[in-house]
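Here is a short report on selected residues of one structure. Look at the sequence and the model first, then read on.

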Amino acid sequence: MLIGIDLGTTNSLAACFQNGKAVIIPNRLGKNLTPSVVSVDEKGQILIGETAREYGYLHPERMARLFKRTMGTEKTYTLGELTFSPEELSAFVLRSLKEDASAYLQEEISEAIISVPAYFNDRQRRATARAGELAGLKVSRIINEPTASAIAYGVGESGSSECCMVLDLGGGTFDVTVLEYYRNIMEVYAVAGDNRLGGEDFTMVLTELFLAGCQIDAASLDLKTLSSVYKAAEACKCAFAQKPVSEMSVTIGSLIYEEEFSLSEYETACLGLLEKMRKPIEKALRDAKITLNDLDRIILVGGATRLPLIRSYIQRMTGIYPEYSVDPDTSVVEGAALSGAMKERNRDIQEVILTDVCPFTLGTEVHSFNSTFADDGRYLPIIERNTIIPVSRSQTVYTAYDDQEWVRVKVLQGESRIPANNLLIGEVNVEVPKGPRGQEAIEITYTYDVNSLLEVEVRVVSTGLQKKVIIQDEENRISEEEAQARLERLQYLKQNPREDEQNVFVLLKAERMYEEAGGSERSRIEEAAEAFERTMQTGTRLEIDKKRQELLDLLENLEKGSGQPMLS
Ligand code: AMP
């Protein structure tokens, strides 16, 4: 049987086609969403999804997330003693979804359609397909996420042509896609976006409002406390989908801090973020050479579009009532499952895929004008991710310290604000005349073409001295043997047994909540966790299930009571 998979940046999920419709497949914890998170515990065992995230709250250095952003790059993630590529981490998530689907459908799942962002280039698409193969899946198609969403919304069902804009506001990115359905063909006309805008920014606004309200300086908090404030903000934000006032409460040290926010107060604080959505929307329309009047529909997808203030902002801005009838978390996977069914019935919607974009940001490292050269540098993007190629862009930088003789231009690829976290793909050094800092201007020009060739030109403005290098994007193909070796390595790594998952998850959750709680709550958690652990050693399956449920109920009630998030 074939399943559809949405391999998301924050969460992933799977669906199949049953009784004429797309059906979401629950995971081993009975939930629809599997967080795209992988952890490695102290025993070297691989944890995936919610269990991995729960483990990561206490051991952030042993957890990887957001690895979809680096798909198709050389970036690696070291978790404990093990190192993985983004492809391998994705393979773990896919394997977990595959196992859950096989258990749910009571048959071996061997084939999948996996969705990717419309702006993914060929290399990123191949990396995604390879992750599927590493998970033991035959990937029969890679489908564009906005195309899948449009299919879930019934675009093309009537057979008449339709022009739509899909707005996807996920955890960390905002993607705008203009597509047209015409005679069984879905064509992507333009993609635009902002890879520094997402639901997480809206959570940060609440985190800051909370800390300011409680007069707490963020810099005085340790990583664990900050992460529990962030978690409470996340829950507070999500509650706005149901009510116009939302509360937040966090225990810091021995004190409980509480704040209450109204939707309008929150909306005002978010105005800057909301305004950031305008530019990519306008750019996509411009690139597609259409205006708002040509659009038949606007479709909202991505978890963050549940925020009422985002829906109303889009409507105010475009004058079009946006559609959000399908669950924003599930529209992509439903579309992927539907497209699988259509394919099998030969009523397939064909896609025209747009891949001629630069898939990553290319930039360099610079130092603040008034800093010492020894200071940590800052990343200066020159060609932003998703720019349509071929493209040529220049930036002028200046000497950083007095009597500087050489300027070293590091060619970096990646999305991190911290240069060291990006990939160093080349370097150009030029000699500059000595003088006070800031006197010499150096013009850096990056030209990226459709063959993934990057030409870097560095010119010293005063002397006209010029240096040029060409950097070839290494083809990321791997040999058959290497693919086999990787497959074996992943299989060899021990994954937490599926049937134990609920027990491990609940105990990790108890451990984290014990650390976060105080006083009587602590003893209640401890008591229930110990009772559960004792039953695990001596009890029957039924008794274990009962005690686990008791512990889970207690934890969830405590979370509800304290305004802490439910881990749904
Ligand atoms: P996605 O990447 O599409 O799964 O979206 C994840 C983002 O959706 C995260 O930033 C979540 O905080 C956000 N999100 C999920 N549910 C809600 C909700 N009820 N209200 C506001 N934001 C939400």
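Gln 215 sits in the loop between helix 5 (199-213) and helix 6 (223-239). Helices (H or I, at least four residues) and strands (E, at least two) are DSSP runs, numbered from the N terminus. Phi of Gln 215 is near 55°, a positive value in a residue other than glycine.

This is a predicted model: local features need pLDDT of at least 70, side-chain atom pairs count only at pLDDT 80 or more, and totals for chains, interfaces and linings use all residues. Residues are numbered from 1 along each chain as its sequence is written, and side-chain values use heavy atoms, with hydrogens and water left out.

Asn 19 also has a positive phi, near 50°, and is not a glycine. Its place is the loop between strand 2 (11-18) and strand 3 (21-25).

How open are these and other residues? Buried means under 20% relative accessible area, exposed over 50%, partly exposed in between (1.4 Å probe, protein chains only).

| Residue | Relative accessibility | Class |
|---|---|---|
| Gln 215 | 74% | exposed |
| Asn 19 | 77% | exposed |
| Glu 405 | 42% | partly exposed |
| Ser 115 | 1% | buried |
| Glu 559 | 0% | buried |

Ser 115 belongs to strand 10 (residues 111-116). Not counting residues up to four places away in sequence, Ser 115 touches Ile 5, Asp 6, Leu 7, Ile 143, Glu 145 and Val 332. Contact here means heavy atoms within 4.5 Å.

Glu 559 is part of helix 14 (residues 541-562). Its C-alpha atom is separated by 8.6 Å from that of Met 513, 46 residues apart along the chain.

Glu 405 lies in the loop between strand 21 (391-398) and strand 22 (406-413).
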